[in-house]
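Student: Could you talk me through how some pieces of this fold are arranged?
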Amino acid sequence: MRRYLRIAVLCLACGFCSLLYAFSQLALAPEEGAGGGGGKPQARAASWLAGGGRGAARGAGGAATAAHPGGSHRYGLKVQPVERMHLAVVACGERLEETVTMLKSAIIFSIKPLQFHIFAEDQLHDSFKGILDSWSFLQTFNYSLYPISFPSENALEWKKLFKPCASQRLFLPLILKEVDSLLYVDTDILFLRPVDDIWSLLKKFNSTQIAGMAPEHEEPRIGWYNRFARHPYYGKTGVNSGVMLMNMTRIRRKYFKNDMTTVRMRWGDILMPLLKKYKLNITWGDQDLLNIIFFHNPESLFIFPCQWNYRPDHCIYGSNCQEAEEEGIFILHGNRGVYHDDKQPAFRAIYEALRNCSFEDDHIHSLLKPLELELQKTVHTYCGKIYKIFIKRLTKSIQDRYDRPPKER
């Protein structure tokens, strides 16, 4: 009888301990969930190859980093991490307004969350922070601000190459070491369809391709590189680096063929020797260096059509981007300063419409009619004669994004 009593007491004790453990886990559960899992990751900053830099700002709408960084929670439940699209831009001088308008166009149409990497002169940081923080209610992007930084032994030479700070883009794979893929754009870019769509082109890269760009020209008779370049360049007419899609992990790993030595060189080692060899022969700075690199490594470049980097050269002498004629312009590139003068009013009309619109759905939807009326005033120019390609894709992007109920977006 005593044996049975002992067994009964032991069972009761085990049951009591089990209850205590269960209650303790319930008490801990809310504490573990706080600030984890669902929050947006905090934006990071990096300085020149050191990872500690100055000038960093938290992303708009940022929250604490996830409590379970591996994407898995307790009890083995897997949580799929949200993919962020990384977009980089370099802004110096009087480029604040242009850059902000570009960022706005990216936010308006994109579906997945964005991570902006903004490299800017120190005097622009407060302005960027004030504007981007005022957009924090959107909860669709994070941002990091970085100082302009080059290798110390050649910093002045790199900074003055072509336009101020433009060559910063060459060093992005070395600075943003933890970023796998990146879309770099010039400040004078406007997105007329979601960033998601060009981001998806990364999946079309074959195993040897590390970057994607559009041709510098479609029509060789007006091409610059094939008529004037005094250095090697990619393909028949060269490539334009104003929109550059990069698999940065592959860039960092690759050893590049070159015309300076029989030994292949890594990205960080090849840049300065190239500049020293071709410094007196290049006109467009870092873009020329990229053309030289991909001339020797053509298998490493993915070419996307001109509608992803549509510039005045595609229409000022007559239309020569067939893909844009068929499907519309996807990304507008207002080089030659056309957003700020009257030489190409069709480009300026698009820029001013996006610059002046707000994030309210009604404002975005209502910009189309006034914009078309402005474009109709530009038909005296070659670009204006084909103004419908400027709004063809833009119209569809607005309809796709803002004609649906909010829950379906």
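Student: How are H2 and H12 oriented to each other?
Tutor: Helix H2 (residues 96-109) and helix H12 (residues 345-356) pack at an angle of about 75 degrees, with axes 9 Å apart, and they are therefore roughly perpendicular to each other, a label for angles of 65 to 115 degrees. Axes are lines fitted to C-alpha atoms, for helices over the stretch in contact, and angles run from 0 to 180 degrees between N-to-C directions; helices (H or I, at least four residues) and strands (E, at least two) are DSSP runs, numbered from the N terminus. This is a predicted model, in which local features need pLDDT of at least 70, side-chain atom pairs count only at pLDDT 80 or more, and totals for chains, interfaces and linings use all residues. Residues are numbered from 1 along each chain as its sequence is written, and side-chain values use heavy atoms, with hydrogens and water left out.
Student: Which residues in H2 and H12 meet?
Tutor: From H2, Glu97, Glu98, Thr101, Lys104, Ser105 and Ile108 meet Tyr351, Leu354, Arg355 and Asn356 of H12, where contact means heavy atoms within 4.5 Å.
Student: Switching to the sheet, what is the strand order?
Tutor: The open sheet has seven strands in the order S3-S2-S1-S4-S7-S6-S10, with mixed pairing; two strands pair if DSSP finds at least two bridges between them. Strand S3 (141-147) and strand S10 (301-303) are the edges, each pairing on one side only.
Student: In what sense do S2 and S3 pair?
Tutor: Strand S2 (residues 114-120) and S3 pair in the parallel sense over seven bridges, and Ile118 stands opposite Leu145 in S3.

Methods:
Parallel < 35°, antiparallel > 145°, perpendicular 65-115°, else oblique.
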